[in-house]
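Subject: Structure handover, domain interface

Hello,

Please read the notes below with it open.

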Amino acid sequence: MAHNSTRARLQQLTNQVSSSAMASPFSVDVVPQAPEDPLFGLMAAYREDTSDKKVDLGIGAYRDNNAKPWILPVVKKADEIIHKDPEVNHEYLPIAGLAQFTSASQKLIVSGDSPAIKEGRITSLQTVSGTGAVHLGALFLAKFYQKVYPKTALYMSNPTWANHHQIFSNVGLSLQSYPYWHPQTRALDFDGMKASLESAPDHSIILLHACAHNPTGVDPTPEQWSSIATIMKRKSHFPFFDCAYQGFASGDLAKDNFAIRHFIEQGFELLIAQSYAKNFGLYGERAGCFHFVAAPSSDAGERTKRVGSQLAILQRSEISNPPAYGARIASLVLNDKALFSEWEANLRTMSGRIIDMRKALRGKLEDLKTPGKWNHITDQIGMFSFTGLTEGQVAKLRADGHIYMTKNGRISMAGLNTKNVEYVATQIDKVVRDTE
Ligand SMILES: Cc1ncc(COP(=O)(O)O)c(C=O)c1O
């Protein structure tokens, strides 16, 4: 009896607790349903499409001529070496990551003979790929740059990689944009960009894509980079380079870091986010690096150390220490002469196939006399091409042709191959004529 009444009392208490525990602070007004990430949504829609004609031009990852992921042969080799190495274990890396990896990354991104390296003006931390590096830079700017210039905005190109908006606004930086893409010429809006840099308040933070601009595939020429640097110096703007495609863009590592080298030569203090996702095909391994480069001055070395110490605290509170595997692979290749040359050859394979696909798509559209001009397809560089197709045309290509691309008309050149380029060109031709 007594037992039963205790049970009833307990049930009563449980009911009370569970009914009072029902009220959550996360109501729909507080936490509304977020939209699906457009790119990941696109990937899911492509997977579900059962048509044998389907073509994925949304994917931001390299594919070989059979539309398959490509493990770089040099990465396979490095992988085997690591597996056979009895010294490799699963211990934590230091907070700043694998030292051989970060020092080799410095040499790659600013070039080995850079005075910034010799003078100890660079501090580098291994990050969770390029995204992690952009985020670490964003945190650093929000915490420290804003102390000196509290009202400063960060200017990003219009358009830019969609994630930039979230990464920088999440840390509380205010965002502005500078014109970049000229829809009529389908090329760089250089005048618009320069005017915007001129009119931005002094000491603004300017986010620049080091090469192979995503999503447009349009890069400034070396002369244009030089004018950009001149304006930014006069205006004391602060550069933040995002470099996700070094070597993948042109096939030439030195060509693809020209802008960064030029700005360092001009004496800027700057930040760099470096990704190894595309150029090593290490997408899921999340290998990347963040660099702070101090401007030359008598206290530059001391400043670099101070900045490094604060970056380590930010890193510790975010990820504690970075993942080891991808960095071990990249480090092995970057620090070995023979493997490094093999990597350069692998880079040329990827960039070469992409350049061939640009030529093939443009050629087929011109053969078909598709209305409009298509020279921008070969003028652009890197993984992506901004085709100029409208949102309506993109939707029609998907519905009628099972061809998937982002709403803004960006196509991943890596999704094209000798077997589907003719089909894609024919479908684009049809859609352009139908909607003229
Ligand atoms: C401009 C740009 N920045 C950064 C990244 C970061 O990529 P990940 O985090 O995979 O290295 C990308 C990837 O698409 C990119 O296009």
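This is a predicted model: local features need pLDDT of at least 70, side-chain atom pairs count only at pLDDT 80 or more; totals for chains, interfaces and linings use all residues.

Now the interface. On the domain 1 side, 19 residues make contact, and they meet 18 residues of domain 2. The two domains bury about 1,500 Å² between them. Carbon and sulfur atoms give 62% of that area. Three residues stand out on the domain 1 side: Ser-351, Ile-381 and Phe-386. They supply 38% of the area domain 1 buries against domain 2, more than any other three residues.

Next, the polar side of the interface. No salt bridges are found between domain 1 and domain 2. Polar contacts do occur: five residue pairs, with both partners at pLDDT 80 or more.

Which secondary structure elements each supply at least two residues to the domain 1 side? Helix H15 (337-367) and strand E11 (384-386) do. E11 gives the largest share, with three residues.

By class, the domain 1 side that touches domain 2 has nine polar, eight nonpolar and two charged residues.

If you start anywhere, start with the three residues named above: Ser-351, Ile-381 and Phe-386.

Best wishes

Conventions: Residues are numbered from 1 along each chain as its sequence is written. Side-chain values use heavy atoms; hydrogens and water are left out. Contact means heavy atoms within 4.5 Å. Buried area is the accessible area (1.4 Å probe) that two parts lose on being put together, summed over both. A salt bridge is a side-chain nitrogen of Lys or Arg within 4 Å of a carboxyl oxygen of Asp or Glu. A polar contact is a pair of N or O atoms within 3.5 Å; within protein, one must be able to donate a hydrogen and the other to accept it, and residues adjacent in sequence count only if both atoms are side-chain atoms. Helices (H or I, at least four residues) and strands (E, at least two) are DSSP runs, numbered from the N terminus. Ala, Val, Leu, Ile, Met, Phe, Trp, Tyr, Cys and Pro count as nonpolar, Asp, Glu, Lys and Arg as charged, and the others, Gly among them, as polar.
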